[in-house]
Amino acid sequence: MGLNYSFKAARKKIDSLNTGEREALATICRDIHQAQQVLSHKAAPILEGCMAGCRGLCCRNIHPADIITEWDLVYILTMAPEIEDAVAACLAREGFFPSDCIFLENGTGPCLFPDSLRPERCIISFCRVESSVEKEIGRVMADFSRLIRFFIFRPLRRLTGWLRPNH
Ligand code: SF4
Ligand code: SF4
């Protein structure tokens, strides 16, 4: 399934939340954002190497749908709803064959997504195993897992809330 499908699925997931759930999701997303900021700060010397070297080969000749998930889009749309139209415009360029990432602005970059509002795999992936940022990568991954669990267990939470006698 492609990114257009993931985008619609993400939008639907966000739209289905009630007020309390939206606040809970916002808290998780703020934690992901903070974890991404910490990782980017600690990884600054590695990223300098990226800029001086290949300047983003990992954003080229890819299938974006293999990298970016609906959970990433839930995170990004929650934190930056103002870029939804721009994201939708990029999705119109989604194709079947590998290409430069559709989210590279003007086809060359930088990435459309603001700093620390990146898909999980984009922010945690480096060419080599980087032990200096292992802990920070782990925190980003753990916070994305929280986001996924939040949606997976949502029906159960709603059911137990509904069954509570004072509901
Ligand atoms: S992670 Fe590797 S491929 Fe990606 S920008 Fe850095 S050096 Fe280039
Ligand atoms: S979303 Fe951004 S960082 Fe990720 S592959 Fe596309 S251009 Fe690169």
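Reader: Hi! Let's start with Cys-50: how many C-beta neighbours inside 10 Å does Cys-50 have?
Author: Cys-50 has 15 C-beta neighbours inside 10 Å, so Cys-50 counts as partly exposed. On this scale, a residue with 20 or more other C-beta atoms within 10 Å of its own is buried, one with 12 or fewer is exposed, and partly exposed lies in between, with C-beta atoms placed from the backbone. Please keep in mind that this is a predicted model, where local features need pLDDT of at least 70, side-chain atom pairs count only at pLDDT 80 or more, and totals for chains, interfaces and linings use all residues. Residues are numbered from 1 along each chain as its sequence is written, while chains are lettered from A and ligands numbered from 1 in the order in which they are written.

Reader: Thanks! And where is Cys-50 found?
Author: Cys-50 sits in helix 3, which covers residues 44-52. Helices here are DSSP runs (H or I, at least four residues), as are strands (E, at least two), and they are numbered from the N terminus.

Reader: Which residues surround ligand 1?
Author: Around ligand 1 you find Cys-50, Gly-53, Cys-54, Gly-56, Leu-57, Cys-58, Phe-126 and Cys-127. A residue is near a molecule or strand if its C-beta atom, placed from the backbone, lies within 6 Å of it. Two members of that shell, Cys-50 and Phe-126, are 76 residues apart along the chain, with their C-alpha atoms separated by 9.1 Å.

Reader: How does that shell divide by class?
Author: The ligand 1 shell has 6 nonpolar residues, 2 polar and no charged. For the classes, Ala, Val, Leu, Ile, Met, Phe, Trp, Tyr, Cys and Pro count as nonpolar, Asp, Glu, Lys and Arg as charged, and the others, Gly among them, as polar.

Reader: Now ligand 2, what surrounds it?
Author: Ligand 2 has Cys-59, Pro-64, Ile-67, Ile-68, Cys-101, Phe-103, Leu-104, Cys-111, Phe-113, Arg-118, Pro-119 and Cys-122 around it. By class, 11 of the shell residues are nonpolar, none is polar and 1 is charged.

Reader: Let's step back. How many helices and strands does the protein have?
Author: There are 9 helices and 0 strands. The C-alpha atoms fill a box of roughly 60 × 35 × 25 Å along the principal axes. Of the 167 residues, 24% count as buried.

Reader: And what share of the contacts joins residues at least 24 apart?
Author: Among contacts between residues at least 6 apart in sequence, that share is 83%. Two residues are in contact if their C-beta atoms, placed from the backbone, lie within 7 Å.

Reader: On to packing: at what angle do helix 2 and helix 8 pack?
Author: Helix 2 (residues 19-42) and helix 8 (residues 134-152) meet at an angle of about 165°, and their axes are 8 Å apart. Axes are lines fitted to C-alpha atoms, for helices over the stretch in contact, and angles run from 0 to 180 degrees between N-to-C directions. The two helices are therefore roughly antiparallel to each other. Angles under 35 degrees count as roughly parallel, over 145 as roughly antiparallel, 65 to 115 as roughly perpendicular and the rest as oblique. By class, the contact of helix 2 with helix 8 has 12 nonpolar, 1 polar and 6 charged residues.

Reader: What about helix 2 and helix 5, how far apart are their axes?
Author: The axes of helix 2 and helix 5 (residues 70-79) are 10 Å apart, at an angle of about 100°. That makes helix 2 roughly perpendicular to helix 5. Leu-25, Ala-26, Cys-29, Ile-32 and His-33 in helix 2 meet Tyr-75, Thr-78 and Met-79 in helix 5. This contact has 6 nonpolar, 2 polar and no charged residues.

Reader: One last topic, the loop between helix 6 and helix 7. Where is the cis peptide bond?
Author: The bond from Gly-109 to Pro-110 is cis, with omega near 10°. Pro-110 is placed in the loop between helix 6 (84-91) and helix 7 (120-124).
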